[in-house]
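Here is a walk through a structure, from its surface to single residues.

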Amino acid sequence: MSDEDQMETRLRRALNSEAAMVQPAGDGLQKIRGGIDAGRRRSWWRTPVVALAAAAVLGLAAGGVFFGLRDNSGTSAVPPATGDSSTDATTDTPSPSSSPSPSSTAATDDVYVYYVQGNPEGPKLYREQHSFTAQVTGDGGPAELAVDAMFRQGATDPDYGSPWPPDVKVLDYRQDADTVTVDLSAFMKNGGAVEKAGVQQLVYTVTANDPSVKKVRLLVNGKAPQGHHDWSSPIRRAPMADVQGAIWILAPSQNATVSSPVAIDGYGTAFEATISWEVRKDGAAVAQGHTQGGANGEFAEFHDTVALPAGDYELTAFEASAKDGSPIHIDTKTFTVN
Amino acid sequence: MNGTADAPVTGRAWDADEAVTQIYSAQYGALVRLAALLLRDVGAAEEVVQDSFVAMHGSWRRLRDPDSALAYLRQAVVNRSRSALRHRSVEQRHAPAPMPDQASAEHGALETLEREDVIRALHRLPRRQCEVLVLRYYVDLSEAQIADAIGISRGAVKSHASRGMASLRASLEHTA
């Protein structure tokens with residue numbers, strides 16, 4: 001790169017001069033800490049005031065970005081009244097793992113975590129598999145880990161999100177026969193449809209990881225949550241066709257590196273079971289095909305393969321609408337072929 | 001940006017929180033400028049970098065040292081910028097890109113025009129080519145580091161760079 005031609009010099013100069021105009025706002029570290037606090041059950045930033053302020057900032061940002069468009073209840077900016085340091089103190093179960101140091105007991109587990117994607121037909125559930133290293137606070141099984149992951153980890157796929165406030169803490173998790181009780185430090189502040197999706201996100205996540213669980217009793221600080229709907233009775237899974245995204249891509253997973261031929265796996269339902277897919281590279285379609293999933297509300301797995309040269313791609317799976325063939329029920333994943 | 005964050009002074013390893021604080025002070029500004037060059041939007045650039053730091057905090061146990069953390073952050077910033085671009089609406093993508101900020105007084109009008117021409121041409125390139133050129137000519141990364149940051153092979157870095165430069169020459173040479 002030593003003897004540059006004139007064009008290279010022009011580019012370098014333009015980039016440097018453009019970059020020189022960029023002035024970060026100055027509250028970056030505070031926002032990052034807010035994001036980190038939101039992503040874990042127990043915060044260990046020493047000053048509760050800072051943590052609370054950061055959580056409030058993040059609540060504003062996350063609520064605005066993810067649900068601001070479709071949910072105008074506008075209250076997501078309000079930090080949950082209970083997200084303060086006293087909650088921390090009461091939930092800090094004395095256990096060997098309550099220290100956050102990297103040396104404390106940790107378990108790795110593959111769990112299914114559900115997230116929500118705002119689709120034109122409303123918020124729908126999508127599933128991701130997360131390899132999750134958890135601070136184990138009891139003898140919690142995979143379902144408890146998965147709930148922990150749901151509140152602490154963001155979705156890998158940037159199209160997915162969670163309507164739950166970013167600083168929700170799991171205060172208690174216990175199972176009694178086929179019912180799990182989850183006590184949370186805060187509830188969603190969203191509209192009715194999003195609230196339903198968020199509750200089902202939790203119910204699906206618990207039940208997907210522990211088939212012995214049929215119902216989830218939801219508590220917020222020990223009481224039935226106050227929302228748009230009555231959540232005072234234990235909640236079962238709503239019918240898949242009502243709450244699940246119609247088409248999911250299961251493989252390749254987001255940001256995966258895979259070998260060619262690439263296995264396309266998914267799960268879904270479409271009119272006459274026809275699920276279409278398309279692979280794009282730098283925005284241009286390079287391969288497409290159709291395969292069979294479930295028909296008309298019945299969900300079933302679908303599979304296909306595509307040979308691709310090494311490179312980075314985006315896979316879209318969708319249903320071609322019966323009306324005009326335009327893609328509906330879209331799920332996308334970016335991946336790399338090595 | 002190409003340098004490394006200072007090693008822990010105390011001789012013990014950083015925990016994830018310290019790592020965030022230290023690497024933030026050394027690298028935050030440079031990463032925001034990188035994201036802003038890819039996105040042409042300072043607010044979105046800051047969000048991308050902040051999210052990347054949160055993700056780095058979660059992966060600290062695996063990363064453990066400032067060099068791998070910086071490589072991880074660059075990768076996250078490039079990936080997340082790409083996702084952010086993909087999710088911008090079609091109208092936004094085709095609207096003239098806004099200036100990242102007000103030009104400061106010492107930038108003459110000619111220089112502003114020249115910069116605008118070059119940056120606009122850069123953003124008309126396919127995403128990979130644009131990323132490669134920004135990482136090479138702004139961040140000054142080696143081919144291997146660029147390959148790592150974008151997640152492509154070194155050969156692909158080379159070809160994206162030469163195709164990108166060829167397109168820039170074709171669209172800009174007469175305006176030199």
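The accessible surface of chain A comes to about 15000 Å². Carbon and sulfur atoms hold 52% of that area. The model is a predicted one. Chain A has 338 residues, and 49% of them are buried. Its secondary structure counts seven helices and 14 strands. Take the contacts in chain A with a separation of 6 or more: 64% of them come from residues 24 or more positions apart.

Now turn to chain B. Its accessible surface is about 8100 Å², and 52% belongs to carbon and sulfur atoms. Here there are nine helices and zero strands. Read from the N terminus, the elements run α-α-α-α-α-α-α-α-α. Of the 176 residues in chain B, 48% are buried. Among contacts between residues at least 6 apart in sequence, 64% join residues at least 24 apart.

Next comes the place where the chains meet. On one side are 53 residues of chain B, and they are in contact with 43 residues of chain A. The area buried between the two chains is about 4400 Å². Carbon and sulfur atoms give 61% of it.

Polar and charged groups also take part. Between chain B and chain A there are seven salt bridges. One of the salt bridges joins Asp140(B) to Arg12(A), with the closest N and O atoms 2.7 Å apart. Across the interface, 13 residue pairs are in polar contact. Several helices of chain B each supply at least two residues to the side that touches chain A: helix 1 (16-39), helix 2 (42-58), helix 4 (66-87), helix 6 (109-124), helix 7 (127-137) and helix 9 (154-172). Helix 1 of chain B gives the most, with 10 residues. By class, this side of chain B has 25 nonpolar, 11 polar and 17 charged residues.

Stay with Asp140(B) for a moment. This residue lies in the loop between helix 7 and helix 8 (143-150) of chain B.

Look for Arg40(B) in the loop between helix 1 and helix 2 of chain B. Arg40(B) is buried, with a relative accessible area of 3%.

Helix 2 of chain B holds Glu46(B). Glu46(B) counts as buried because its relative accessibility is 7%, under the 20% limit. What does Glu46(B) touch, beyond residues up to four places away in sequence? Its neighbors are Gln23(A), Pro24(A), Ala25(A), Tyr28(B) and Val32(B). With Tyr28(B), the contact is polar: side chain to side chain, at 2.4 Å. Gly29(B) is 17 residues from Glu46(B) in sequence, and their C-alpha atoms are 9.1 Å apart.

Back in chain A, find Lys124(A) in strand 2 (residues 122-135). Lys124(A) is buried, with a relative accessible area of 12%. A polar atom of its side chain lies 2.8 Å from the backbone oxygen of Asp242(A). Not counting residues up to four places away in sequence, Lys124(A) touches several others, including Tyr115(A), Val116(A), Asn119(A), Ala241(A), Asp242(A) and Gly245(A).

Helix 5 of chain A, residues 142-152, is mostly covered. Nine of its 11 residues are buried. Among them are Ala143(A), Glu144(A), Leu145(A), Asp148(A) and Phe151(A).

Two peptide bonds of chain A close the walk. A cis peptide bond joins Ala251(A) and Pro252(A), with omega about -5 degrees. Pro252(A) sits in the loop between strand 6 (247-251) and strand 7 (256-258). Another cis peptide bond joins Ser260(A) and Pro261(A), with omega about 0 degrees. Pro261(A) belongs to the loop between strand 7 and strand 8 (262-270).

Note on methods
Residues numbered from 1 in each chain as written. Chains lettered and ligands numbered in written order. Predicted model: local features only at pLDDT ≥ 70, side-chain atom pairs only at ≥ 80, totals over all residues. Heavy atoms only, no water. Helix = DSSP H or I, 4+ residues; strand = E, 2+ residues; numbered from the N terminus. Buried < 20%, exposed > 50% of the residue type's maximum accessible area, 1.4 Å probe, protein only. Contact = heavy atoms within 4.5 Å. Areas by Shrake-Rupley, 256 points an atom, 1.4 Å probe, with all protein chains shown as cover. Buried area = accessible area lost by both parts, 1.4 Å probe. Salt bridge = Lys/Arg side-chain N within 4 Å of Asp/Glu carboxyl O. Polar contact = N/O pair within 3.5 Å; in protein donor to acceptor, adjacent residues only side chain to side chain. Nonpolar A, V, L, I, M, F, W, Y, C, P; charged D, E, K, R; others polar.
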